[in-house]
Amino acid sequence: MLLIGNGRLITRDKEGTFFENGCVAIEGQKIKAVGATTDLRKEFPKAEFIDAKGGVIMPGFINMHNHIYSTFARGLSINNYHPKNFMDILEGQWWRIDRTLNLEDSYHSAKIAYLDSIKNGVTTVFDHHASYGAIEGSLTQLSNAADELGVRTCLCYEVSDRDGEAKMKAAVKENADFIKTSGERRDDMQKAMMGMHAAFTLSDKSLEHCAAYTPEGVGYHIHIAEDIADVYDSLAKYGKPIVNRLYDLGILGKQTMAGHCIHINPHEMELLRDTNTMVVTNPESNMGNAVGCPPAMRMLNEYGILMGLGTDGYTNDLTESYKVGNIIHKHHLADPNAAWAEIPQMLFNNNPQMANRYFEKKLGVLEAEAAADVIVLDYNGPTPMTKDNYNAHILFGMNGGAVTDTIINGEIRMKNREVQGVDEEKIWHDAQVQAQSLWTRINS
């Protein structure tokens, strides 16, 4: 039995229950009870106790769209790289990186990404991987890293025609193999999807090949209309918008997740809604790549599409995405009322709902029988925190660096800012050595 108490407790349950001095009781991999600290300490006097010291206790964050393979891009300078648009960014940076990645690169970048996730209070990560320099076994490298760090994760490999048919088929096989492997697990810690890069790098034949190796109950994780070039490609080659094309090929559906959806029209929004397809918006990445601002407010409010929030490899700190998501739509729409409610809805309500289309334990909430994924943040604001304003305290006062304790699946993964069970210094050192090797190979 483990207790985490003596903090302001945000449960995220349907009633929005908030405790001024609350406590979470964990038994095994699930939450046993939530309540006042004094009550639960009396009920479970022999339990180990983590003292939040007046900080904030809340469910762990869920990152619905990440790119672990981008980890070693931080600080990288690529020779003769001067992008003028998004296609230049893909060709000159990301595809150059993933064509150089070997299995060791994938493993060490994953160790860092999952370690950083723990430190930022992220307990579940949906990742979209690419390493065309070493396809076979790459998802196993990410899986091993996730197991070693104890992070809940859903993995896929982005299938693409960009390096030829043989590698496209190898990527499909990598997905299919990991779908099978993860499906044999019973710990509810790893799941899999069929990954796809984007419609403009996939022919109809390749999409059909993906579908042939995707079992019932498994969906697709794909980028849609991240850049206007994707739209032009679909219209020129197929005479139809991207979402229509994917709909015709049976790619959309409840288990499918579409990243970005920046340049889509109202009819495409209707198709996403009517097929119950999930959409993930990634505000920092969109701004960084200068690809535009998605019609997220319209998709969420007008069309009722299930929309979540991701980082797209830009960061492992979901509070950053919360902050940028809050202002990008205000700026884009010139509406000071935009995104106040919508972005926290995506992050705190929709992300768990989306994740639970794959994971069995209830995520994103502190209540009895839910997954024991709990974080503690060192925070004391200048104004009172209440049931009605705690989102504003998170938005304006907290960041990933405030996280002091991270519990995942009932296991303490970080305590008093010290990551448990691993040699953190060695992970950082090994990653830096590996990153330097990758940089040398990229520029050789």
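## Salt bridges

At 26% relative accessibility, Lys 240 counts as partly exposed, a class that lies between buried (under 20% relative accessible area) and exposed (over 50%), with a 1.4 Å probe and protein chains only. Lys 240 forms a salt bridge with Asp 248, and the closest N and O atoms are 2.8 Å apart. A salt bridge here is a side-chain nitrogen of Lys or Arg within 4 Å of a carboxyl oxygen of Asp or Glu. The structure is a predicted model, in which local features need pLDDT of at least 70, side-chain atom pairs count only at pLDDT 80 or more, and totals for chains, interfaces and linings use all residues. Residues are numbered from 1 along each chain as its sequence is written, and side-chain values use heavy atoms, with hydrogens and water left out.

The structure holds 27 salt bridges. One of them joins the side chains of Lys 180 and Glu 184, at 2.9 Å from N to O; Lys 180 and Glu 184 are exposed. Another pairs Lys 361 with Asp 188, whose closest N and O atoms are 4.0 Å apart. Lys 361 sits in the loop between helix H13 (342-355) and strand S15 (374-377), and Asp 188 in the loop between helix H5 (165-183) and strand S9 (190-192), so this pair ties together parts that are 173 residues apart in sequence. Helices (H or I, at least four residues) and strands (E, at least two) are DSSP runs, numbered from the N terminus. Lys 361 and Asp 188 are both buried. Through shared partners, salt bridges join Arg 152, Asp 188, Lys 191, Glu 360, Lys 361 and Asp 373 into one network.

## Domains

The domain assignment of the protein chain gives domain 1 (2-60 + 362-419) and domain 2 (61-356); the bounds come from an automatic or database domain assignment. Taken over C-alpha atoms, the centres of domain 1 and domain 2 are separated by 29 Å. In domain 1, 28 residues are in contact with 27 residues of domain 2, where contact means heavy atoms within 4.5 Å.

The largest pocket has a volume of about 900 Å³. Of the 39 residues that line the largest pocket, Ser 70, Thr 71, Ala 73, Arg 74 and Gly 313 are the closest to its centre. A pocket is an open set of points on a 1 Å grid over the protein atoms alone, with protein on both sides within 12 Å along at least five of seven lines, and lining residues have an atom within 4 Å of a point. Grid points are joined across faces, edges and corners, and a volume is the space filled by probe spheres set on the points. Helix H2 (86-100), helix H3 (103-119), helix H10 (283-289) and helix H15 (424-442) each supply at least two residues of the lining of the largest pocket. By class, this lining has 16 nonpolar, 16 polar and seven charged residues. Ala, Val, Leu, Ile, Met, Phe, Trp, Tyr, Cys and Pro count as nonpolar, Asp, Glu, Lys and Arg as charged, and the others, Gly among them, as polar.

The second largest pocket holds about 230 Å³ of space. Its lining has 13 residues, and Arg 12, Asn 349, Lys 362, Leu 363 and Val 365 lie nearest its centre. Four residues of this lining are nonpolar, four polar and five charged. Domain 1 and domain 2 both give residues to the lining of the second largest pocket, so the pocket lies between them.

## Cavities

A search of the whole structure finds three cavities of 30 Å³ or more; a cavity is a set of grid points where a 1.4 Å probe fits but cannot get out. The largest cavity has a volume of about 90 Å³. Its lining includes Arg 12, Met 58, Phe 61, Leu 347, Phe 348 and Gly 364. Strand S5 (56-59), strand S6 (61-66) and H13 each supply at least two residues of this lining, and H13 gives the most, with four residues. The lining of the largest cavity has seven nonpolar, three polar and one charged residues, and draws at least three residues from each of domain 1 and domain 2.

About 40 Å³ of space lies in the second largest cavity. Among the residues that line the second largest cavity are Pro 59, Thr 123, Lys 362, Ala 371 and Asp 373. By class, this lining has five nonpolar, three polar and two charged residues.

## Asn 350

Asn 350 is in helix H13 and, at 4% relative accessibility, counts as buried. Leaving out residues up to four places away in sequence, Asn 350 touches Leu 300, Leu 306, Met 307 and Gln 345.
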